[in-house]
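Subject: Structure handover

Hello,

Here is the structure for you to look at. Please open it first, then read my notes below.

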Amino acid sequence: MKELARNAPGKMILAMGNDAIVRGGLEAGIGYFSTYPGTPASEIGEGYAALLDEFPHLHAEFSVNEHVAAHGALGASWAGVRAMTTMKHVGMNVAAEVLHFAAYTGVKAGLVVIIGSDPGATSSTSEQDDRWYSLHTHLPILEPSTIQEAKDFTVRAFEISERYNLPVILNAPSKLCHNIGSLILGALPKRFVGTGGGRFDRNPSRYINLFAGSVANHKKAMEHKEHLRADIPSLSLNQVFKGSGSTGFISSSVNFSYLKESLSLLDIDAPIMKLGITHPLNADEIAAFAGKLTRLFVVEDLEGFLEFQIKALLYEHNVLISIEGKNIFPPYGELDVDTITIALAKALEKPLPPSMERALTLEKKLTAGIPPRQGSFCIGCPHRATVYSIVKATDRSAIFAGDIGCYTLSSLPPFRAFDWVTCMNCGVGIGQGMRQVIGDEPIVAYVGDSTFFHSGIPGLINAVQQNADMVLVILDNKWVAMTGHQPSPTTESSPRGEKFSPVDLKLLLKSVGVRYVRTANPFNIKATISTIKDALCEKGGVRVIIAEAECALQNERRKKYEPSPYERYHQIEPDICQKCNECYVQLGCPAIRKSGEGDAFYYYIEEALCVNCGACRDLCPNTAISLVEIRRGKAAS
Amino acid sequence: MRYDILICGIGGQGAISLGTILKLAAIRDGIGVVGAERRGGAQREGVVTSNVRYYPHNPNNTSAPISGLIPAGGADMMIAMEPLEALRQIRYLNESSVVIINNRPLMPVHVRIGDFSYPSLDEIYARIKEATPLVHIFDIDELSLAYFHSLRQVNTISLGLAYALGNLPVSKTAIIDTLTELLKNSKDAIDAFARGCETAKCS
């Protein structure tokens with residue numbers, strides 16, 4: 001990571017797409033950074049957080065949500081400090097309100113918004129294409145296609161933002177954010193402007209968007225966009241690659257590199273236009289490329305944002321050629337080299353490359369019916385224990401109002417204890433509305449600490465005000481764990497012992513009018529089950545249970561700094577074990593394993609994996625699981 | 001030279017770290033490298049893959065000339081940390097792909113709860129051999145436990161096996177220097193790499 005801080009222009013380093021964006025921001029001299037962590041863009045925030053010693057001028061924060069993060073970055077920009085804010089694609093829904101005003105007011109110093117998109121939803125609840133937002137926010141979009149461009153375009157984005165007085169979006173899909181490869185560094189600036197270096201100059205006509213002033217700013221935003229649109233050919237962000245024939249291609253982002261590889265596999269030499277800026281588009285430039293063709297393919301992920309724009313502008317330019325895209329490429333899921341190759345082979349009546357044909361045939365024949373492998377909670381995860389207790393306490397006779405975080409894994413086997421999951425705070429939000437119209441069935445809503453602070457407080461207050469009869473379990477693991485352990489408002493200290501200033505969750509709950517608050521240690525399964533049962537028996541209003549235990553991965557790291565004088569391990573006594581499956585199937589802990597054939601099988605705990613959370617010991621109905629503690633010889637010193 | 005490696009395994013097994021080591025070694029040798037990772041399953045028990053794609057570095061065009069994803073049938077080598085995961089990724093193999101498999105099945109949740117049964121290892125290996133005859137099977141967990149008393153060196157032993165059994169364009173020196181710089185406990189890792197090389201040669 002420290003390599004990202006070196007002023008060594010021309011040096012080749014290994015970098016993830018996200019690292020390249022971090023470096024791009026540094027080369028552009030940013031002074032303010034804000035983010036709410038979200039896969040695939042989380043590592044950008046971690047990158048800046050790790051570089052604060054090297055760049056003391058830089059303010060970098062994990063904000064409470066994307067709306068706040070975007071506002072913060074806008075504030076820094078207005079004060080003349082280059083600012084970056086990053087979010088995952090669905091974070092844009094939360095930041096959208098802020099960003100709909102940003103083109104109206106414009107920027108003072110460059111403002112760049114990084115969107116980590118997730119076609120294929122490999123780590124998200126939706127695969128929405130945020131590029132469509134720009135049709136009404138008027139924010140320009142840059143789309144790098146390689147790790148090198150991820151850095152270079154980030155630097156360019158700041159220049160464009162300042163020159164055209166518009167915040168600029170840089171859209172990077174997960175396959176670029178998490179692409180790791182060579183990156184050539186550029187130069188760092190001699191001077192950084194950041195903390196203490198900004199200055200706000202009053203400018204009411206820009207910043208006060210009210211009545212006719214707002215209309216005037218709307219007009220200005222459109223003019224800025226048209227100014228940029230006219231200049232696009234001179235910006236060298238788009239490239240045309242010559243080829244033969246009258247069939248051509250337009251693509252952007254990682255899909256450009258997939259397309260190039262597909263065409264090479266299909267032995268097709270055709271002209272390609274690579275768009276580095278995908279909104280706005282310059283009609284003359286596109287028409288000059290397409291005018292020489294009879295058939296044009298637009299290669300992009302999701303619902304055809306480029307195709308939509310290109311069809312409209314070529315129609316206006318009277319370039320009436322065949323334009324294809326979403327007729328052959330799926331408007332959902334993620335494109336890759338194989339999908340593009342298969343679709344183009346069919347459309348262009350070409351044979352598939354023999355190696356691909358063979359591989360796909362073998363795959364179809366040989367992988368049919370093999371078991372899927374889905375993610376599960378980590379070994380020792382407190383959420384696993386909490387969800388187990390929720391299932392036991394309710395006997396599945398409750399509506400499970402799911403939400404977003406590590407505990408979303410509750411929706412998968414063995415628990416399957418989620419009835420829905422959509423956006424942040426869909427648990428308490430949808431649950432409290434449903435409560436008003438359904439019968440007596442209990443509702444148990446889930447929320448993690450970070451998700452609760454992100455946007456759950458208004459939902460909870462509403463539930464309290466409307467006297468919604470429900471149980472809300474706050475799974476407080478003290479970290480934004482799923483995205484790599486960024487601090488949450490309840491973080492008390494880092495594994496190394498660095499102190500934070502945690503929000504007093506109980507006091508907060510009390511102050512918004514929650515009268516019933518209980519806490520539970522999830523690893524004490526029996527006690528947790530009875531706490532949940534008590535809350536279910538209590539009628540009327542919102543009852544909150546805080547299931548409080550630190551994320552197992554962070555807790556393991558903590559042990560390195562606070563070594564225990566005891567060596568501990570858990571074991572299953574084979575003579576006592578009744579093979580009831582409670583631990584192996586119902587709790588499903590991956591450290592509990594099965595060995596032996598037929599009826600002679602037995603369960604055991606893999607010592608190298610177990611972290612001694614004790615959940616299995618507490619839940620075992622036959623007390624077959626025990627904890628062994630041995631005082632270490634020298635470790636205590 | 002171009003050389004494509006697909007690493008597959010389960011979250012927590014070190015597949016991503018192994019990919020990083022193979023990529024850092026390329027940087028040391030001045031070889032271009034690129035490759036996307038699937039981290040969606042990076043929680044325990046989920047599927048993880050890492051693409052490692054080497055290409056000749058061109059100082060005049062610093063953007064990678066190839067994409068981050070290996071096409072179907074395109075892998076020169078597959079390193080599978082688990083047998084079923086090797087079968088799951090069979091689409092990347094061609095008739096001359098070299099495959100290294102850790103002979104340690106890990107039961108997916110769906111098998112635990114009885115929705116699916118785990119195919120026999122003979123069945124899995126027979127299927128993979130339909131794609132390529134160059135399948136090398138080792139109990140890498142056992143090797144790591146025997147020599148290092150933990151599972152921490154499974155991926156560095158795999159690295160040694162890969163180095164000895166494939167035509168990796170990166171040098172041994174670059175791999176060893178990478179391990180030295182990257183890891184706190186580099187002595188064990190370098191030993192493990194050497195054990196992997198030896199094991200492959202003896203096999």
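Start with strands β2 (residues 32-35) and β3 of chain A, which pair in the parallel sense over four bridges. Within that pairing, A:F33 has A:A60 of β3(A) as its bridge partner. Keep in mind that this is a predicted model.

The sheet in chain A

Both strands belong to an open sheet of seven strands. The order is β3-β2-β4-β5-β7-β6-β12 (chain A), and the pairing is mixed. At the edges sit β3 (59-62) and β12 (277-279) of chain A, each pairing on one side only. As background, strands of a sheet pair through backbone hydrogen bonds, either parallel or antiparallel.

Strand β7 of chain A

Next, look at β7(A), residues 168-173. How many of its six residues are buried? Six of the six are, and the strand is mostly covered. A:V168, A:L170 and A:A172 point one way. A:I169, A:N171 and A:P173 point the other way, and these too are buried. In a regular strand the side chains alternate between the two faces of the sheet.

β7(A) has these partners:

- β5 of chain A (residues 111-117) pairs with β7(A) in the parallel sense, over six bridges. A:I115 stands opposite A:N171.
- β6 of chain A (residues 141-142) also pairs with β7(A) in the parallel sense, over two bridges. Here A:L142 has A:L170 as its bridge partner.

Domains of chain A

Chain A is divided into domain 1 (2-234), domain 2 (238-363), domain 3 (382-556) and domain 4 (564-631). I looked at domains 1 and 3 of chain A. Their C-alpha centres lie 33 Å apart. In the contact, 13 residues of domain 1 of chain A meet 13 residues of domain 3 of chain A. On the domain 1 side, helix α2 of chain A (residues 42-49) gives the most, with three residues. That side of domain 1 of chain A divides into six nonpolar, six polar and one charged residue.

Chain B

Chain B has eight helices and seven strands. Its radius of gyration is 16 Å, close to the 17 Å that the globule rule gives for 203 residues, so chain B is as compact as a globular protein of that length. Its C-alpha trace spans about 55 × 35 × 35 Å along the principal axes. Of the 203 residues of chain B, 61% count as buried. Take the contacts in chain B between residues at least 6 apart in sequence: 63% of them join residues at least 24 apart.

Where the chains meet

Best wishes

Conventions:
Residues numbered from 1 in each chain as written. Chains lettered and ligands numbered in written order. Predicted model: local features only at pLDDT ≥ 70, side-chain atom pairs only at ≥ 80, totals over all residues. Buried ≥ 20, exposed ≤ 12 C-beta atoms within 10 Å, placed from the backbone. Pairing = 2+ DSSP bridges. Rg over C-alpha atoms; globule rule 2.2 N^0.38 Å. Contact = placed C-beta atoms within 7 Å. Domains from an automatic or database assignment. Nonpolar A, V, L, I, M, F, W, Y, C, P; charged D, E, K, R; others polar.
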